[in-house]
Amino acid sequence: MRGPGLDPALSRRIFQILADFGLDTLTIRDISKDIGRTGPLLSNILVLKIGLSLVNFLLMILAVGLMRKPPAVVCGIGIAGLSVIFFSLANTFSAVFNAHEKMYVKSFILVISRSLVLILTVLPIALKKDFMALIVIILVSEMFRTCLSVAIYSKYFGRIDLSIDPLLCKKLFLAALPFAMISVASLIYFKIDIVMLSLMKGDQVVGWYSAAYALLAALLFVSDAYNLSIFPVLSRYAVSAKDLLAFAWERSVKYLLMVSAPIAVGTTVLADKIVVIFYKDAYLPSVPARQVLIWTLPWIFINSINVK
């Protein structure tokens with residue numbers, strides 16, 4: 001029973017953080033404060049993203065080379081590394097759409113790209129191809145998402161000019177550092193327990209724990225979606241209306257608590273039934289862990305608004 005979220009997913013997440021470096025959050029914050037600066041901010045952030053992504057890609061290939069993995073594995077990781085580059089670039093445009101409070105644009109692009117993955121995945125499954133075909137499909141999907149984002153931005157928001165302002169790039173890089181550190185701390189916070197369990201108890205216990213953790217991880221999309229929509233507003237209030245900022249923060253905490261507290265109570269009471277529905281009886285040992293972990297949800301929801 002090897003639990004989800006182990007080495008492959010963890011490695012991919014690490015490289016995503018290195019490629020992003022907190023610039024997406026910075027993009028939303030700064031553009032929300034002054035929509036008129038979208039052009040120069042986007043240009044310099046894209047330049048930073050491309051540079052960081054290339055360095056990240058080279059580090060990934062170097063790390064795999066030092067491990068002396070088989071050629072097929074090296075090739076697969078290389079393709080996955082390219083997908084992370086396009087993933088990072090596409091997310092930059094998503095951040096711009098969020099800053100302009102055009103979340104429906106991001107949703108439209110995401111639905112189209114995920115539908116493409118679903119359609120293309122049918123072919124290698126039908127032809128019984130190996131994992132390499134699936135990795136290529138992910139790369140194609142992220143390339144498509146990036147190209148579609150560029151096309152929509154160019155048509156409805158403005159021309160993309162990859163001009164470099166060294167002073168602005170340096171300022172953006174330093175400003176993004178705290179967000180990057182938050183991402184790293186968050187990764188450690190959410191993954192260190194699984195890593196420790198894998199070292200101390202083995203894969204079976206990790207499988208039980210991961211089953212308990214999966215529900216908590218799935219529910220985080222609620223706070224993520226709320227924070228994504230409220231963040232541009234909070235950024236503007238931080239500049240022009242401190243009283244409204246305090247009011248919006250207080251209401252946000254109340255709303256998030258109203259949603260998370262009942263979920264925690266219900267999951268504690270019905271934990272065994274939830275396991276039987278979504279898993280099998282073999283995962284019933286995960287019930288105590290689920291009953292404890294779910295009570296971190298209200299605190300995570302509340303703290304999520306503070307992090308933003």
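Mentor: Helices, of at least four residues, and strands, of at least two, are DSSP runs numbered from the N terminus. Keep in mind that this is a predicted model.

Trainee: How many helices and strands does the protein have?

Mentor: The secondary structure comes to eleven helices and zero strands. Read from the N terminus on, the elements go α-α-α-α-α-α-α-α-α-α-α.

Trainee: What's the average pLDDT?

Mentor: The protein averages 79, and 89% of the residues score at least 70. Where pLDDT is low, the predicted coordinates should not be read in detail.

Trainee: And what share of the residues is buried?

Mentor: Buried residues make up 41% of the 308 in the protein. The accessible surface comes to about 16700 Å², and 73% of that belongs to carbon and sulfur atoms.

Trainee: Contacts next. What percentage join residues at least 24 apart?

Mentor: That is 81%, counted among contacts between residues at least 6 apart in sequence.

Trainee: Switching to charges. How many salt bridges does a search of the whole structure find?

Mentor: Six. One of them joins the side chains of lysine 49 and aspartate 20, at 3.7 Å from N to O. Lysine 49 lies in helix α3 (residues 38–67) and aspartate 20 in helix α1, so the pair ties together parts that are 29 residues apart in sequence.

Trainee: Is lysine 49 buried or exposed?

Mentor: Lysine 49 counts as buried because its relative accessibility is 0%, the cut-off being under 20%. Aspartate 20 is buried too, with a relative accessible area of 15%. Asp20 and Lys49 also belong to a network of salt bridges that includes Asp24.

Trainee: Which residue pairs with glutamate 142?

Mentor: Arginine 145; their side chains meet in a salt bridge at 3.1 Å, N to O. Both lie in helix α6 (residues 131–156), three residues apart, about one turn of the helix. Glutamate 142 is buried, with a relative accessible area of 4%, and arginine 145 counts as buried at 4% relative accessibility.

Trainee: What about aspartate 30?

Mentor: Aspartate 30 forms a salt bridge with arginine 29, and the closest N and O atoms are 2.9 Å apart. Aspartate 30 counts as buried at 13% relative accessibility, whereas arginine 29 is partly exposed at 25%.

Trainee: Last one. Where does isoleucine 14 lie?

Mentor: In helix α1 (residues 7–20). Isoleucine 14 counts as partly exposed, at 37% relative accessibility. Its C-alpha atom is separated by 9.9 Å from that of asparagine 56, 42 residues apart along the chain.

Key. Residues numbered from 1 in each chain as written. Predicted model: local features only at pLDDT ≥ 70, side-chain atom pairs only at ≥ 80, totals over all residues. Heavy atoms only, no water. Buried < 20%, exposed > 50% of the residue type's maximum accessible area, 1.4 Å probe, protein only. Contact = heavy atoms within 4.5 Å. Areas by Shrake-Rupley, 256 points an atom, 1.4 Å probe, with all protein chains shown as cover. pLDDT = per-residue confidence, 0-100. Salt bridge = Lys/Arg side-chain N within 4 Å of Asp/Glu carboxyl O.
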